[in-house]
Amino acid sequence: MGRSEGRAGCATVLGTLVVVGAVIVGAVAASPQMDLADLWEATVVDPHDGEAGSGGEGYSFMITSSSGSPVTWGCDARIEIEVNPEGAPRGYAEPLTSAVARVNEASGFTFEVTGETTDRDFDDRHRRTVLLGWADEEEVPGLEGTVAGLGGSTYLTGPGGGGRAVGGSVVVDTDDGGWLGFGGIDLEVLLVHELLHVLGLGHTEDTTQLMAAENSGQSELGEGDLAGLAALREAACS
């Protein structure tokens, strides 16, 4: 999630947030526990908008398999979130708890905040938990400019065409200080958006959806967002 350039001499337009999702790059690995293939390799997709032409009305996917199905987490996965609180705004725990509850209820997947960590390796999330933290563009270059947050997963795909998310991260920019109430779009909304990237939703051109690339005030999940989550769930559990 990010910031737009100013108008009428202002440095920023607080009511408009540009949202960016990132797919974290994994590594080649043998993974018999995945039940897909013996040889796995990381797949890199566009870090902003997901896979062109994927999804349906009002939603898109970060990545799809060779059959066209979205790649996401396992049906019964317990997706653990570890929080590095360095640089976090005061009171971040409450909006994080609310965001996780909203995403779990809407998606059918299970995120769980398991505690705090000193880990700051936002890139190498191969077969690990989801790391959530705060950083600036010097530490995470993807936060440069108007970007206020990044979210995504490490996807491993096999030669048989299947795949699965195995780790991820969410990073919130610290440059503008506290994000609570930023331009009327609070931290909870930002985290919901980024966690949906972690599950596998990309951006949509439908500006009425929470997964639109630019947020102009929407705070609730739209019909397209919900349809995309239902498709992810079906793919995970089929």
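I take helices as DSSP runs of H or I with at least four residues and strands as runs of E with at least two, both numbered from the N terminus. With that settled, I placed Asn-104 in helix α1.

**Ground rules**

I am working on a predicted model, where local features need pLDDT of at least 70, side-chain atom pairs count only at pLDDT 80 or more, and totals for chains, interfaces and linings use all residues. Residues are numbered from 1 along each chain as its sequence is written, and side-chain values use heavy atoms, with hydrogens and water left out.

**Overview**

I went through the elements and found three helices and 11 strands. Along the sequence I read the pattern β-β-β-β-β-β-α-β-β-β-β-α-β-α. The protein has 238 residues, and 50% of them count as buried; buried is under 20% relative accessible area, exposed is over 50%, and partly exposed is in between, with a 1.4 Å probe and protein chains only. I then looked at contacts (heavy atoms within 4.5 Å). Of those between residues at least 6 apart in sequence, 67% join residues at least 24 apart.

**The α1/α2 pair**

Two packed helices are described by the angle between their axes and the distance between the axes. For α1 (residues 93-107) and α2 (residues 187-199) I noted an angle of about 45° and axes 9 Å apart. That makes α1 oblique to α2. My cut-offs here: under 35 degrees is roughly parallel, over 145 roughly antiparallel, 65 to 115 roughly perpendicular, and the rest oblique. The axes are lines fitted to C-alpha atoms, for helices over the stretch in contact, and the angles run from 0 to 180 degrees between N-to-C directions.

Which residues of α1 meet α2? I listed Pro-95, Leu-96, Ser-98, Ala-99, Val-100, Arg-102, Val-103 and Ser-107 on the α1 side. Their partners in α2 are Leu-187, Glu-188, Leu-191, Val-192, Leu-195, Leu-196 and Leu-199. By class, I have 11 nonpolar, two polar and two charged residues in this contact. I count Ala, Val, Leu, Ile, Met, Phe, Trp, Tyr, Cys and Pro as nonpolar, Asp, Glu, Lys and Arg as charged, and the others, Gly among them, as polar.

Back to Asn-104: its C-alpha atom is 9.9 Å from that of Leu-195, 91 residues away along the chain. Setting aside neighbours within four places in sequence, I see Asn-104 in contact with Phe-109, Thr-110 and Phe-111.

**The disulfide**

I found one disulfide (a pair of cysteine sulfur atoms within 2.5 Å). It joins Cys-75 to Cys-237, S to S 2.1 Å. The link of Cys-75 and Cys-237 is right-handed, with 90° about the S-S bond. Cys-75 sits in the loop between β5 (39-42) and β6 (78-84), and Cys-237 in helix α3 (residues 223-237), so the pair ties together parts 162 residues apart in sequence.

**Two residues of β6**

I looked up Arg-78 in strand β6. Arg-78 is partly exposed, with a relative accessible area of 45%. Its C-alpha lies 6.2 Å from that of Phe-111, 33 residues apart in sequence. Leaving out neighbours within four places, Arg-78 contacts Thr-110, Glu-112 and Thr-114.

Asn-84 is in strand β6, and I marked Asn-84 as buried at 3% relative accessibility. Asn-84 and Asp-119, 35 residues apart in sequence, are 6.6 Å apart C-alpha to C-alpha. Not counting residues up to four places away, Asn-84 touches several residues, including Thr-117, Arg-120, Leu-131 and Trp-134.
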